[in-house]
Amino acid sequence: MSDIFENTRNYTLGDPELDLIGPREKLAQWRHRNTGPAFYKIGKKVVYRGVDLNTWAEAQRVEPSAA
């Protein structure tokens, strides 16, 4: 797997890299539904770790079948 996000970096809402997985509204819906990538809630701030984003992205990978 090649990483999409930097594993050692923390991402916060507003970072343009998060637009790769969806707009802020979609991320908020996922957090509310307990789906999507893992995150930290520190006060009112939401933080995503790069390693968690890469793990989630890899789980979304679709391998087309050779039909």
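Student: How do β2 and β3 pair, and over how many bridges?
Tutor: β2 and strand β3, residues 45-49, pair in the antiparallel sense over three bridges. Two strands count as paired if DSSP finds at least two bridges between them. Strands here are DSSP runs of E of at least two residues, helices runs of H or I of at least four, both numbered from the N terminus. This is a predicted model, where local features need pLDDT of at least 70, side-chain atom pairs count only at pLDDT 80 or more, and totals for chains, interfaces and linings use all residues. Residues are numbered from 1 along each chain as its sequence is written, and side-chain values use heavy atoms, with hydrogens and water left out.

Student: Which residue is the bridge partner of Y40 in β3?
Tutor: V47.

Student: What is the strand order in the sheet?
Tutor: The order is β1-β3-β2, in an open sheet of three strands with antiparallel pairing. β1 (10-12) and β2 (40-42) are the edge strands, each pairing on one side only.

Student: Where does α2 lie?
Tutor: Helix α2, residues 50-59, lies across β1 and β3 and runs at about 65° to β3. Axes are lines fitted to C-alpha atoms, for helices over the stretch in contact (heavy atoms within 4.5 Å). Angles run from 0 to 180 degrees between N-to-C directions.

Student: Switching topic, how do the elements run from the N terminus?
Tutor: They run β-α-β-β-α, so the chain has two helices and three strands by the DSSP runs.

Student: And what share of the chain is buried?
Tutor: Of its 67 residues, 28% count as buried, meaning under 20% relative accessible area with a 1.4 Å probe, protein chains only.

Notes:
Buried < 20%, exposed > 50% of the residue type's maximum accessible area, 1.4 Å probe, protein only.
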